[in-house]
Structures are given as structure tokens and as C-alpha cells.
Amino acid sequence: MPVNMKRMIAKELFSLIEEKGLDKLNVQMLATQCGISRQAFYYHFKDIGDVIDWSCQEAMTDLGKKAERCSDPAKALQLYLDMARSHRHLMNRFCESIHYRAFEHLICHYTSLFLGQTLEGRWPEHLNDKDRQEQFLDFYGPALFLHTLKVSQQPHFDTKKDAQSLAHLFLKLN
């Protein structure tokens with residue numbers, strides 16, 4: 001039951017963010033929207049940021065499971081790009097927020113984890129060292145997020161072609 005309640009709270013939060021923006025929300029507004037008490041909210045989450053973090057973790061876990069079934073890293077990257085495009089209005093709201101830096105840090109972290117998972121077992125020879133992989137992810141995770149933020153806003157964008165280019169770049173870096 002708690003996971004279903006958490007999902008309901010997250011769904012209502014993102015609905016409110018799209019409607020009003022993040023900066024105008026508080027726990028009481030969210031609890032009212034959900035039809036629960038503030039105490040019920042605090043039973044599941046410590047604050048609105050915790051809801052966002054939990055939701056991102058859940059989304060990236062689901063995305064990671066789908067990506068694991070992809071034999072080609074380009075297909076996994078396309079899943080990531082498609083997800084970003086489908087949530088571009090919500091991402092815009094986060095970018096407009098005074099909390100953008102926290103959002104950016106959170107998404108860069110999860111993007112780096114996703115990228116590492118996608119490339120696991122496929123690292124180019126010069127990146128077989130764990131320290132180099134970590135450097136790669138520290139650099140390219142945020143770069144992938146910022147690239148995705150930019151291209152997700154374009155009205156017509158070929159995520160398949162971009163994913164193939166990115167996979168080639170990531171796997172052929174020398």
C-alpha cells in the first residue's frame with residue numbers, strides 16, 4: 001500500500017508542478033490535492049524534494065530495467081531521450097524554478113547512473129579502469145542531461161538518430 005500511496009502523491013505533485021510551477025507549492029497544497037492529511041504525507045516523504053527524488057529514482061529504475069533488455073546501447077539511450085521528450089513540459093517547469101540547481105544535480109546523478117548501467121560490459125578498452133569510468137560518468141552524465149534538455153525542447157527531433165550518434169560517441173571515444 002505505501003508504494004501505491006507514494007505513486008499517487010508523486011503523480012499529484014507533478015500534476016501541480018505542471019499547472020502551477022514548483023515554487024508556488026507546499027506540502028499542505030499537495031496533501032489537499034491528494035485528499036490526505038499532512039501527517040499522511042509525512043509518513044511517506046520528508047518534504048516535496050523527497051517526492052521528486054523518489055520519483056526520479058523510480059523512473060530511472062524502470063528505465064534501467066527496460067534498457068537492460070536492449071542489446072544495443074543506442075536503443076537504451078533512445079529510451080532515455082524518448083522519456084525526456086515525453087516529460088519536457090515538466091522539465092521546463094523545473095528549469096523555471098528557483099530549485100533548478102537541486103533538480104539539475106539530481107537528474108545529472110541519475111543520468112550518470114543510467115549511462116554507467118547502459119555501458120556496463122561495453123566500455124571501450126581505454127575505459128576498462130574503474131577510475132576512468134568514474135571520470136567518464138562524472139563528465140558525460142551531466143553532458144547527456146544538458147544535451148537531452150536542449151533537444152527535448154525541439155519540436156521535431158529524431159531520438160533514434162541522436163541516440164545512435166551518442167552511442168557511437170560514447171563507445172568510440174579515444
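Analyst: Helix 4 (residues 48-68) and helix 5 (residues 73-86) pack with their axes 9 Å apart, at an angle of about 145 degrees. Helices here are DSSP runs of H or I, at least four residues, numbered from the N terminus; axes are lines fitted to C-alpha atoms over the stretch in contact, with angles from 0 to 180 degrees between N-to-C directions. Bear in mind that this is a predicted model: local features need pLDDT of at least 70, side-chain atom pairs count only at pLDDT 80 or more, and totals for chains, interfaces and linings use all residues. Residues are numbered from 1 along each chain as its sequence is written, and side-chain values use heavy atoms, with hydrogens and water left out.

User: Which residues of helix 5 does helix 4 meet?

Analyst: Contact means heavy atoms within 4.5 Å. From helix 4, Ala 59, Met 60, Leu 63, Lys 66 and Ala 67 take part. Their partners in helix 5 are Ala 76, Leu 79, Tyr 80 and Met 83.

User: Is Pro 73 buried or exposed?

Analyst: Pro 73 is found in helix 5, and it touches Thr 118, Arg 122, Ala 167 and Leu 171, not counting residues up to four places away in sequence. Buried means under 20% relative accessible area, exposed over 50% and partly exposed in between (1.4 Å probe, protein chains only). Pro 73 has 7% relative accessibility, so it counts as buried.

User: And Thr 118, with which residues is it in contact, leaving aside neighbours within four places in sequence?

Analyst: Thr 118 lies in helix 7. At 4% relative accessibility, Thr 118 is buried. Its contacts beyond those neighbours are Pro 73 and Ala 76.

User: How far apart are the end C-alpha atoms of helix 7?

Analyst: The expected span is 1.5 Å times one less than the number of residues. Helix 7 (residues 100-119) has 20 residues, so it should span 28 Å. The model agrees, with the end C-alpha atoms separated by 28 Å.

Key. Helices (H or I, at least four residues) and strands (E, at least two) are DSSP runs, numbered from the N terminus.
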